[in-house]
Amino acid sequence: MKNNMKYRFQKKLLQSYSKDKIRYFYDFVFFGIGFFISSFIALIISILVNKGLSKEELGLFNYNKSILEFLTYVFTLVMYRGYIRFNITGLNVSLRSKVKKINYLAFILICLVAYYLTESIFSLFFAFFVFFEERLYLFRSLMLVKKVNFLKITVSLTTLIFISILVFTDRLEPNYIFFCYGIGFLLSLFFKNNNYKKIDTEEIKWKTILLYTFPVLGSMIVKLSLDIVSQYLIKDNFNPLELSKYAIATRVLLSVKVFSSLFMMFFPVIYFREIKKKNGKFINKLRYLILFFMLIIIAFAIYFRELIYTLMGAAKYIEFTNLFGVLVVSEFIFVLGGLYGIYLAYALKTHYALLIYTAGATLNIIVLNFFLNTVGVNMAAYSILISNILMAVLFVIFSYSLEYKYINSKA
């Protein structure tokens, strides 16, 4: 009976979609399972950290972690993200060789910065984040779903084990937490596979790669600065307790980013393959489906925000859940902008995306400088929301219009 139902379901899918589309569906399901398992583990880690650190320690830890992640993207030039764009037909050997060289240099620089910020050798291990990111994007670009899942689960589970040891031995400190993350990231170096089914031997020049990655890096710097600038100005204008209110809201936001990250990690891989075929109908159906699910998630997150704070070990901050509500809406707007702005990456017009993100960041800084002191910490969340709305509108106007022209062109 079960086999007959499965057969009928598969037959119906085959009648509606090609084998490639059905493969996307199955890959997404398995990718989602692995993603949620690793994300659930990450949430447990977040709960342990939220409960174990004092408000001042939590604010400082979150600040230093944001800085190190930010500089990882800067020092690597996010060249590994080029895998998503240039590995469409298989592993591009030329690109991978160039990525390795940049990553080794970035690793050394992150170690130096980590020690400067914390004055602890334990925090140096966080620099292995460089190699974790590279492996993750490599496997994603080649649709190696099993490897993506195994990598993420292994890294997150290892981190959880080490942090749990710190909790049980009453040794939970910010620098030791960096060490725990680093041990997890270190394991990514053992995830190697040189037997790829498809190899792309086309030589990609440094100029071509940098034409793509420099604006992407610039866009990321601007996007990350939206959060970092907010934290810096709060830290500069208020006490560590006020910083912790905003920091905890961004950490609890991970409960929503679990879903938005899942969609935004999988969508580009499919998009670059389908836009090459000018399959606009399928792309738009996928967009609408993602936005529909995100709306449901956003509604649940806002309605049950106090419960989410409690479950994530942030019950002592429950009176500040209004910050979380604003950030949740902002996350939805950010996803919308990403879904409609992705064509700029395919067309190698990432400099336009950089300009759009710069406009959003500039608006964020202006709003914060004028209203943060008078309105208070809540203004940091509203400022990001306003900036994301501006960027989403600009992406729809400039990127989606170019995509529409490309899909409908005869060439």
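Helices here are DSSP runs of H or I with at least four residues, strands are E runs of at least two, and both are numbered from the N terminus. With that in hand, let's walk through the model. It is a predicted one, so local features need pLDDT of at least 70 and side-chain atom pairs count only at pLDDT 80 or more, while totals for chains, interfaces and linings use all residues. Residues are numbered from 1 along each chain as its sequence is written, and side-chain values use heavy atoms, with hydrogens and water left out.

Leu289, Phe292, Phe293, Ile296, Phe300, Tyr303, Phe304, Leu307 and Leu311 make a nonpolar patch of about 960 Å². Patch members have over 30% relative accessible area and no salt bridge; like charges are joined within 9 Å, and nonpolar side chains (Val, Leu, Ile, Met, Phe, Trp, Tyr) within 5 Å. The areas come from the Shrake-Rupley method with a 1.4 Å probe, and for residues only the protein chains shown count as cover. Helix 12 (280-303) and helix 13 (305-311) each supply at least two residues of this patch, and helix 12 gives the most, with six. Leu307 lies in helix 13 and is partly exposed, with a relative accessible area of 46%. On this scale buried means under 20%, exposed means over 50%, and partly exposed is in between (1.4 Å probe, protein chains only).

Next, the aromatic residues. The structure holds 35 aromatic pairs, where rings of Phe, Tyr and Trp (its six-membered ring) pair if their centres lie within 6.5 Å; planes under 30 degrees apart count as stacked, over 60 as edge-to-face and the rest as tilted. Take Tyr80 and Tyr137: their ring centres are 5.5 Å apart and their planes stand at 55°, so this pair is tilted. Tyr80 sits in the loop between helix 3 (55-76) and helix 4 (82-86), and Tyr137 in helix 6 (residues 129-141), so the pair ties together parts that are 57 residues apart in sequence. Both Tyr80 and Tyr137 are buried. Elsewhere, ring pairs link Tyr104, Phe107, Phe122, Phe125, Phe128, Phe131, Phe162, Tyr176 and Phe179 into a cluster.

A charge counts as sitting over a ring if NZ of Lys or CZ of Arg is within 6 Å of the ring centre and within 35 degrees of the ring normal. Arg81 likewise lies over the face of Tyr73, at 5.4 Å from the ring centre.

Charges also meet each other. There are six salt bridges in the structure, each a side-chain nitrogen of Lys or Arg within 4 Å of a carboxyl oxygen of Asp or Glu. One of them joins Lys65 and Glu69 (2.7 Å, N to O); being four residues apart in helix 3, the two are separated by about one helical turn. Lys65 counts as buried at 14% relative accessibility, whereas Glu69 counts as partly exposed at 22%. Glu203 is exposed, with a relative accessible area of 55%, while Lys98 is buried at 8%. Arg135 and Glu134 form a further bridge (2.5 Å, N to O), and both are buried.

What about the cysteines? The structure holds zero disulfides, a disulfide being a pair of cysteine sulfur atoms within 2.5 Å. Cys111 is in no disulfide, and the nearest cysteine sulfur, that of Cys180, is 17 Å away. Cys111 is buried, with a relative accessible area of 14%, and Cys180 is buried too, at 2%.

Finally, the backbone. Most residues other than glycine have a negative phi. Glu119, not a glycine, has a positive phi of about 55°; its place is in the loop between helix 5 and helix 6, and at 65% relative accessibility Glu119 counts as exposed. Lys278 also has a positive phi, near 60°. Lys278 is found in the loop between helix 11 (254-275) and helix 12 and is partly exposed, with a relative accessible area of 22%.
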